[in-house]
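Subject: A structure for you to explore

Hi,

I am handing over the structure we talked about, together with some notes on what turned up in it. Please have it open while you read, so that you can find each part for yourself.

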Amino acid sequence: MSKTLQELLHMVDRRTRVWLAVCGDALENAESICSTYSNEGYTCMNQDAVRNSFFQKTIEYTQGRNWLEIGPGAHALLTQMALRKPTLHSLVAVEANEQSALEARKCVKHDSRCRIITGYSTTYAGEKCVDVVLSEIIGVIASSEGVIGVMNDLRMRRYATQSTAMIPARAATFIAPVQLGSIDICRGGNVYASERILLLRGMRVDSANLANDVGMLEDLHFDMLIADRLTHHSTLQIVKSGQCHGFGMFVGISSPMPCRRYTRSKIATVEKWHANDMWTTSDASDHHYSRNWRNPVALLSTPLAVCVGDVLNLICIVDHATTSAPVYSICYSLNGNPMGQLTLTHTDMYPTFQLLQAEMKYDRSYSNMTIPVKQQP
Ligand SMILES: C[S@@+](CC[C@H](N)C(=O)[O-])C[C@H]1O[C@@H](n2cnc3c(N)ncnc32)[C@H](O)[C@@H]1O
């Protein structure tokens with residue numbers, strides 16, 4: 001087990017459950033994620049009041065007769081928000097998870113304007129040039145559940161055109177060098193860990209960030225075709241001396257609805273990101289934040305010592321961005337000296353996790369512990 005992971009697991013308190021990734025057992029791509037959606041996941045989304053308020057207001061604001069929804073889920077929450085609009089003439093919702101599609105149909109059966117179709121969106125064949133595309137298929141890294149490929153496909157097959165309103169209109173992933181403390185790790189009650197990534201709930205970027213701002217990993221505009229390779233350069237100034245455990249991330253989604261009602265992030269890059277439009281992020285430093293997304297932290301194998309005044313340069317690259325399994329690379333240099341590169345594949349992002357036994361957790365012998373390996377049948 002890496003030095004960083006050992007150090008972080010030592011900070012876990014007695015109430016927090018630790019889940020370790022099982023080596024060799026992971027979801028391969030975005031399609032396979034769809035099959036794992038369960039009531040638990042949908043309920044978590046239903047309870048995310050900030051996220052839902054973002055969609056509710058955006059849907060109320062958006063005009064259009066013919067709507068296409070990708071991924072209504074089992075409870076068809078956003079579908080029902082859209083169906084409250086008297087101006088809506090028809091809504092087709094395409095859901096890849098068969099069981100969820102069945103349940104969604106029951107939720108909207110009273111409304112003849114709505115049709116739920118089972119299947120992955122790329123296989124959908126129906127009326128072209130819709131007025132509105134509605135979807136919430138944003139991953140813990142915005143593009144990690146395949147949203148780029150899905151939106152590009154709708155544009156290339158002319159379901160979405162220049163005049164189609166996209167909800168959300170834009171999504172981004174922000175990234176920052178973080179030093180994590182026990183509070184950061186234990187806040188969500190569960191820690192999901194592998195050698196390469198930690199998944200936390202409710203990361204407060206203002207307290208964990210060692211830099212003056214956050215960088216950008218990706219910035220996706222759904223009103224145009226998005227390239228297969230995305231590159232972002234960020235220069236950050238270190239403002240707290242400490243040990244950088246890795247790069248923490250959070251997502252943002254925005255809509256073209258003018259609004260400044262939400263508490264704004266104090267982070268310059270986020271504030272500038274879409275200044276006058278409505279947006280929400282999964283950064284818990286924001287007073288109102290969307291809490292259903294976990295925050296990934298790409299882990300360094302050994303913590304990196306940084307000092308006030310150091311300059312950190314990040315080059316973030318998303319490769320195979322338009323496929324259902326994008327690959328993320330973070331190249332980092334300190335004061336002009338290249339320090340290394342972290343790579344996250346789909347398998348790193350979506351492993352199967354196994355709950356760590358309490359005895360193992362409390363004997364504090366993480367140094368002897370290895371990540372479990374999938375048993376061959
Ligand atoms: C994050 S959930 C959103 C559920 C619901 N729309 C909400 O926001 O509360 C994503 C849903 O989209 C489905 N999904 C993801 N990608 C899809 C695609 N390309 N085509 C059809 N369904 C998809 C998943 O199976 C899942 O049910």
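Predicted model: local features only at pLDDT ≥ 70, side-chain atom pairs only at ≥ 80, totals over all residues.

Let's begin with the parallel sheet. What is the order of the strands in this open sheet of 5 strands? Reading across, you will find β4-β3-β2-β5-β6, and the pairing is parallel. At the edges are β4 (114-118) and β6 (165-167), each of which pairs on one side only. Ignoring direction, neighbouring strands here are turned by 15° against each other on average.

Next comes the antiparallel sheet. This open sheet has 4 strands, in the order β11-β15-β16-β17, and they pair in the antiparallel sense. Its edges are β11 (230-237) and β17 (337-344); each has a single partner strand, so one side of each has no neighbour in the sheet. From one strand to the next, the twist averages 15°. Between β11 and β15 (residues 311-319), which run antiparallel, there are 8 bridges. If you click on T231, look for its bridge partner I317 in β15.

Here is a handy rule for looking at strands: in a regular strand, side chains alternate between the two faces of the sheet.

Now find strand β14 (residues 295-306). Why is β14 described as largely enclosed by the rest of the structure? The reason is burial: 9 of its 12 residues are buried, so the rest of the structure largely encloses this strand. Strand β9 (residues 197-200) pairs with β14 in the antiparallel sense over 4 bridges, and L200 has N295 in β14 as its bridge partner. Strand β12 (residues 242-258) also pairs with β14 in the antiparallel sense, over 6 bridges. There, F247 has A298 as its bridge partner in β14.

Finally, have a look at helix α4 (residues 49-61). This helix has 13 residues and spans 18 Å from its first C-alpha to its last, close to the 18 Å expected at 1.5 Å a residue. Which residues of α4 are buried? They are V50, R51, N52, S53, F54, F55, T58 and I59.

Enjoy exploring, and write back with any questions.

Best wishes

How values were computed: Residues numbered from 1 in each chain as written. Heavy atoms only, no water. Pairing = 2+ DSSP bridges. Helix = DSSP H or I, 4+ residues; strand = E, 2+ residues; numbered from the N terminus. Axes fitted to C-alpha atoms, helices over the stretch in contact; angles between N-to-C directions. Buried < 20%, exposed > 50% of the residue type's maximum accessible area, 1.4 Å probe, protein only. Expected span 1.5 Å × (residues − 1).
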